[in-house]
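Here is a short report for a reader new to this structure. Please look over the sequence and the fold, then read on.

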Amino acid sequence: MYRWQSWIAGLGMLVIMGAGCDGSTPEREAPGPDDETRYRLMREKMVKSQIEGRGVVDQRVLAVLRKVPRHRFVPLHLRERAYDDSALPIGEGQTISQPYIVGIMTELLGLEGDERVLEIGTGSGYQAAVLAKLVKHVYTIEILEPLATQAERRLKEMGYTNVTVRCADGYQGWPEVAPFDAIIVTAAPEKVPQPLVDQLRVGGRMAIPVGRFDQDLMLLVKEADGVREEQVIPVRFVPMTGKAGRR
């Protein structure tokens, strides 16, 4: 069971698909050797205090979070804050998720290494990069074209060859390449989208925030006779847009 302080720290923090942005787009600049050492130490501290310290125990997830350069997924002028315990603006009115939220949602998927995963809400591409080091292939959907384009370019430049980015309404999922072993959603619908349930294989797991005002991070496990649901922690995500926002 995750400790209550874990969600208290995350409550009110907007994650991917979040608000609060200065309108800038991520800039690219190659850090020097000294910078990379400093960033590595910052990642170690982030994982130990913010993620492992709040109850995430999956060693594969923790190892990947120590490796993926989170600072490469934020605007240049925010790189010194890349490992802070908070969400950060990435442009287009959106944010990169709080590190703890990335950690707990990834752990909930119960990944073993050979999965095909669908992500709804690409944002900066950071969550996709984390997943890409844990699974066979990541399919990720972003509704905002500028973010989809930036994330696709960034992931390719960083050598992530097992991530496919699509600009579309995530509510509909990606039926052409379904079923998926796991699905992760980073914006909150009022109800779990049925297309996503339909595209999850039997035995598959979905991590998704659900609710309009009072929201819960939910774990869904698709079983042969239905879907088992578990409330994990209270969260605060912005609403899912597209078809979900018109319902």
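The backbone nitrogen of Thr122 lies 3.3 Å from a polar atom of the side chain of Glu142. The backbone nitrogen of Gly123 also faces the Glu142 side chain, with 2.8 Å to a polar atom there. These values come from a predicted model.

Glu142 itself sits in strand 4. Glu142 is buried, yet it has no salt bridge. Arg154 is the nearest side chain of opposite charge, and Arg154 is 9.9 Å away.

Strands of a sheet pair through backbone hydrogen bonds, either parallel or antiparallel. Strand 4 (residues 137-142) and strand 5 take the parallel sense, over five bridges. Within this pairing, Ile141 has Arg166 of strand 5 as its bridge partner.

Asp169 is found in the loop between strand 5 and strand 6 (180-185). Is Asp169 buried or exposed? Its relative accessibility is 19%, and Asp169 counts as buried because the cut-off is under 20%. The side chain of Asp169 has a polar atom 3.0 Å from the backbone nitrogen of Tyr171.

Strand 1 (residues 88-91) pairs with strand 2 (residues 94-96) in the antiparallel sense. Three bridges make up this pairing. Pro89 stands opposite Thr95 in strand 2. Two residues lie between the strands of this hairpin. Glu92 takes a positive phi near 60° in the hairpin.

## Phe73 and its contacts

Phe73 is found in the loop between helix 3 (59-67) and strand 1. Phe73 is buried, with a relative accessible area of 0%. What does Phe73 contact, leaving aside its neighbours within four places in sequence? Its contacts include Val68, Ile90, Ile96, Tyr126 and Ala129. Arg154, Leu155 and Met158 are also among them.

Ser124 is another contact of Phe73. Phe73 and Ser124 are 51 residues apart in sequence. In space they are 5.7 Å apart, C-alpha to C-alpha.

## Salt bridges in the helices

Side chains of opposite charge can pair when their charged atoms come close. How many salt bridges does the count come to? The count is ten salt bridges.

One of them joins the side chains of Arg38 and Asp35, at 3.0 Å from N to O. Both residues lie in helix 2 (residues 33-51). They are three residues apart, about one turn of the helix. Arg38 is partly exposed, with a relative accessible area of 31%. Asp35 is also partly exposed, at 29% relative accessibility. Asp35, Arg38 and Glu80 are linked in a network of salt bridges.

Glu44 forms a salt bridge with Arg66, and their closest N and O atoms are 3.4 Å apart. Glu44 lies in helix 2 and Arg66 in helix 3, so the pair ties together parts that are 22 residues apart in sequence. Glu44 is partly exposed, with a relative accessible area of 34%. Arg66 counts as partly exposed at 24% relative accessibility.

## A salt bridge between strands

The side chains of Asp181 and Arg201 also meet in a salt bridge, at 2.5 Å from N to O. This pair links distant parts of the chain. Asp181 is in strand 6, and Arg201 is in strand 7 (residues 200-210). The two residues are 20 residues apart.

Which side chain of this pair is buried, and which is partly exposed? Asp181 is buried, with a relative accessible area of 19%. Arg201 is partly exposed, with a relative accessible area of 35%.

Notes
Residues are numbered from 1 along each chain as its sequence is written. This is a predicted model: local features need pLDDT of at least 70, side-chain atom pairs count only at pLDDT 80 or more; totals for chains, interfaces and linings use all residues. Side-chain values use heavy atoms; hydrogens and water are left out. Two strands pair if DSSP finds at least two bridges between them. Helices (H or I, at least four residues) and strands (E, at least two) are DSSP runs, numbered from the N terminus. Buried means under 20% relative accessible area, exposed over 50%, partly exposed in between (1.4 Å probe, protein chains only). Lys and Arg count as positive and Asp and Glu as negative; His and the chain ends are not counted. A salt bridge is a side-chain nitrogen of Lys or Arg within 4 Å of a carboxyl oxygen of Asp or Glu. A polar contact is a pair of N or O atoms within 3.5 Å; within protein, one must be able to donate a hydrogen and the other to accept it, and residues adjacent in sequence count only if both atoms are side-chain atoms. Contact means heavy atoms within 4.5 Å.
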